[in-house]
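Here is one protein chain to explore. Read the paragraphs below with the structure in view.

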Amino acid sequence: MNNNDMMEKEEIFSKVLRAGRRTYFFDVRSTKADDYYLTITESKKFTNDDGSFHYKKHKIYIYKEDFSEFKDILAEMTDYIINEKGDEVISERHQKDFKKEYDTEETPSQNGELHKSTESFTDLNFDDI
């Protein structure tokens with residue numbers, strides 16, 4: 001590999017965003033012509049059944065001629081999401097204390113005590129088993 005090829009691979013400036021199983025890498029890199037461009041890499045960790053793990057990576061390249069429009073569209077899209085849904089994370093799975101709970105409806109009985117509804121249960125005849 002010559003020096004120009006090494007420069008193309010060199011990271012000039014980098015930032016990392018860790019987000020659960022995903023990690024985002026923002027890297028400024030240099031072209032052979034010694035100009036800069038941006039790569040954004042999403043790396044997602046997957047665990048195999050045997051406990052070993054591997055990463056899947058997806059990379060996009062953003063060149064200077066696209067920066068302005070990319071930045072405008074990214075801001076527009078993120079603003080739209082925040083305006084429509086707020087900045088609170090809605091998905092329970094992304095909460096640090098997430099525990100899967102099964103939905104049960106509690107209804108008041110005639111004496112005012114709460115009991116769990118059996119509407120979601122399936123009738124089972126043991127002769128069918």
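Helices (H or I, at least four residues) and strands (E, at least two) are DSSP runs, numbered from the N terminus. From that end, the elements of this chain run α-β-β-β-β-α-β-β. That makes two helices and six strands. The model is predicted: local features need pLDDT of at least 70, side-chain atom pairs count only at pLDDT 80 or more, and totals for chains, interfaces and linings use all residues. Residues are numbered from 1 along each chain as its sequence is written, and side-chain values use heavy atoms, with hydrogens and water left out.

The chain exposes about 12,100 Å², and carbon and sulfur atoms supply 51% of it. These areas come from the Shrake-Rupley method with a 1.4 Å probe; for residues, only the protein chains shown count as cover. A residue is buried under 20% relative accessible area, exposed over 50%, and partly exposed in between. Of the 129 residues in the chain, 10% are buried.

Thr41 shows the buried case. This residue lies in strand β3 (residues 36-47). Thr41 counts as buried because its relative accessibility is 7%. Contact means heavy atoms within 4.5 Å. Leaving aside neighbours within four places in sequence, Thr41 is in contact with Thr23, Tyr24, Phe25, Lys57, His58 and Lys59. Across the chain, among contacts between residues at least 6 apart in sequence, 14% join residues at least 24 apart.

Glu69 shows the exposed case. Find Glu69 in helix α2 (residues 64-85). Its relative accessible area is 57%, so Glu69 is exposed.

Methods
Buried < 20%, exposed > 50% of the residue type's maximum accessible area, 1.4 Å probe, protein only.
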